[in-house]
Protein chains: 2
Amino acid sequence: MKDDVRTATPSYQVPGLERGLRLMEVFTRDRREFSLAELTRLLDLPRATVFRLVTTLEQNGYLDKEPLRKTYRLGNRVLRLGFEFLASQDVVTTAHPFLEQLSRDTGASAHLGVLDDRDVLYLDRIAGSNHLVSNVGVGTRFPAHATTMGRVLLAGLGADAVQKLYENVDLPKATDQTPQSLPALLERLTQEQEDGYVTSVSAFEAGLSSIAAPVRNSYGTVIAAISIAGPESQLDHATLEGEIRARVCQTAADISNVLGAGKPAHNQKPLSAVATNA
Amino acid sequence: MKDDVRTATPSYQVPGLERGLRLMEVFTRDRREFSLAELTRLLDLPRATVFRLVTTLEQNGYLDKEPLRKTYRLGNRVLRLGFEFLASQDVVTTAHPFLEQLSRDTGASAHLGVLDDRDVLYLDRIAGSNHLVSNVGVGTRFPAHATTMGRVLLAGLGADAVQKLYENVDLPKATDQTPQSLPALLERLTQEQEDGYVTSVSAFEAGLSSIAAPVRNSYGTVIAAISIAGPESQLDHATLEGEIRARVCQTAADISNVLGAGKPAHNQKPLSAVATNA
DNA sequence: GCACTTTGTTTCATATATGAAACAACTAGT
DNA sequence: ACTAGTTGTTTCATATATGAAACAAAGTGC
């Protein structure tokens, strides 16, 4: 019962490649170094196979073999891909000045994030003027269903995709304000998708409020989210729903706008009101 | 001509994997989007094969298929790898405060970079107090042989590796102060390796000076380089060879030291007592 | 509209990548 | 020192991933 949603997966696959990717994904910030034997056990593949995978990856710079011990680490070739991705999306550089402005205007800290699996991955962050805010750095990762940016991103995926993403996975509960079940999550997402933004007050962390809005590419696809976060004392319900909300949404729209600038724009309306308030 | 160096390559390879990696590597910041047909031509592989590679990569999130057109882009899964690499190396976070200090002390801008193929990849950068300096951002890339950090990194590789890296590749000449041939490069590298640092005055860009030093892991391997750069008026030959040089080298050593802290250190001298546990 | 090229998808015989098992090199335990 | 258990490397028959070619769909030009 491993595979198949009934999408059938017509076996248009390159097993060698898929295994290689899986192998690289084993490495995390906590566990940076693995021996061949460990990898063999983790991947549950024959030793010879893992050996070949590892040597191929090493020859291509995606893995480094520590010279003295016989263990492997991620090689710096993986960076190239990451940076080319960032540069090609250029969400980060595009969004940065906007985030700075937003942070300056609101006094709160501003963030940019994308969805990675069921996590939000923080790509940029401007510290707020008040230093009370939580201190998430670039590259950190939080469960998507429990953060404002995450929910914006999930909403952008569409119900079907979210369903598939979370089936057979139970939601880690962050606080009692976060959705505890898949249906509950889906319900909130549909609402939030209509709204075009997501707010939370003391939901993820006590005393911390935040509001997030989606960044879209020229096709209308949600490719990132921005958010601001600050102490509840500063960002209470009233403020979040008023001026602040408008500012965040506007900023997100502006970024989307710039991103879509050079593109064919594919008969998409000139943004501004994509909010579709039904 | 195809089957590369006579390193023999004992065919411990997973062709599917290698091809997949190659495929991802064709994406650059300039050329972010490819159709199947284009990829087929670029990789010089049968159409069916490329098709399978692409679908496998897409299914795993390493490639995104633009919905309307039929073109592919890098998927955000590649980011995960990059960030795990950075986090696992934790050179960046470790080095950052040191770089800030260095920049503050010298007034120049400070950089951190690693080697990627024949390029230096900039991982971090603190802007100097004088805003005249050139404006390289994180993720930018320069020919290694022509920059101070690059040469530090190449020197760290060792002559053999450098030889192999550059054979059949002619050095793009940046200025007439950069080495024009492989032998010339190697000669300078051996000198610079002994020195333990690399300086340049108006070599890469007129009026711009810089000095770089290597960052090593606990095995002694050079894993990164730091540099400071500023206008020649501020960093002339005399300054570079005196106080400033000592500071840069010391900072690099400090960073290396902290990096090696938790590790077995492999009969490496303890250098100085480092605070265990944060 | 109709030939003609280009591109994406599918099929299927066969060349080839793969996993079982043998081998070699190390540890560790008694 | 000898046995038994890891782990890394190699070999080789065969299951399987692959590329040629057929098919389908979508442009392009006249």
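**View 1. Surface near DNA strand C, by residue class.** The residues of this surface in the predicted model comprise 11 nonpolar, four polar and four charged. Nonpolar here covers Ala, Val, Leu, Ile, Met, Phe, Trp, Tyr, Cys and Pro, charged covers Asp, Glu, Lys and Arg, and polar covers the others, Gly among them. This is a predicted model, in which local features need pLDDT of at least 70 and side-chain atom pairs count only at pLDDT 80 or more, while totals for chains, interfaces and linings use all residues. Residues are numbered from 1 along each chain as its sequence is written, and chains are lettered from A and ligands numbered from 1 in the order in which they are written. Around DNA strand C there are 19 residues, of which Gly16(A), Pro46(A), Ala48(A), Thr49(A) and Leu36(B) come nearest. A residue counts as near a molecule or strand if its C-beta atom, placed from the backbone, lies within 6 Å of it. Two or more residues each are given by α1 (15-25) and α3 (47-59) of chain A and by α1 (15-25), α2 (36-43) and α3 (47-59) of chain B. With four residues, α3(A) gives the most to this surface. Helices (H or I, at least four residues) and strands (E, at least two) are DSSP runs, numbered from the N terminus.

**View 2. Surface near DNA strand D.** The residues that come nearest, of the 19 around DNA strand D, are Leu36(A), Gly16(B), Pro46(B), Ala48(B) and Thr49(B). The largest share of the surface, four residues, comes from α3(B). By class, 11 residues are nonpolar, four are polar and four are charged.

**View 3. The two protein copies and their contact.** Chain A is superposed on chain B by a rotation of 180° with 0.0 Å of shift along its axis, at an RMSD of 0.1 Å. The two copies are thus related as by a two-fold rotation axis. The superposition is by least squares on the C-alpha atoms of residues with pLDDT of at least 70 in both copies. Leu17(A) comes closest to the axis of the residues of chain A, its C-alpha lying at 2.0 Å. In the interface, 44 residues of chain A are in contact with 44 residues of chain B, contact being C-beta atoms, placed from the backbone, within 7 Å. On the side of chain A that touches chain B, α4(A) supplies the largest share, 12 residues. That side has 22 nonpolar, 12 polar and 10 charged residues.

**View 4. Three-stranded sheet of chain B.** The sheet is open, with strand order β1-β3-β2 and antiparallel pairing. Its edge strands are β1 (34-35) and β2 (63-65) of chain B, each of which pairs on one side only. Strands pair if DSSP finds at least two bridges between them. Three bridges join β2(B) to β3 (residues 71-74) of chain B, and Leu63(B) has Leu74(B) as its bridge partner in β3(B). Across β2 and β3 of chain B lies α3(B), running at about 100° to β2(B). Axes are lines fitted to C-alpha atoms, for helices over the stretch in contact, with angles from 0 to 180 degrees between N-to-C directions.

View 5. Seven bridges pair β4(A) with β5 (residues 119-126) of chain A in the antiparallel sense. Asp116(A) stands opposite Asp119(A) in β5(A). The two strands form a hairpin with two residues between them, and Asp117(A) in the turn has a positive phi of about 60°. Three bridges pair β5(A) with β6 (residues 141-143) of chain A, again antiparallel, and Leu121(A) has Arg141(A) as its bridge partner in β6(A).

How values were computed
Contact = placed C-beta atoms within 7 Å.
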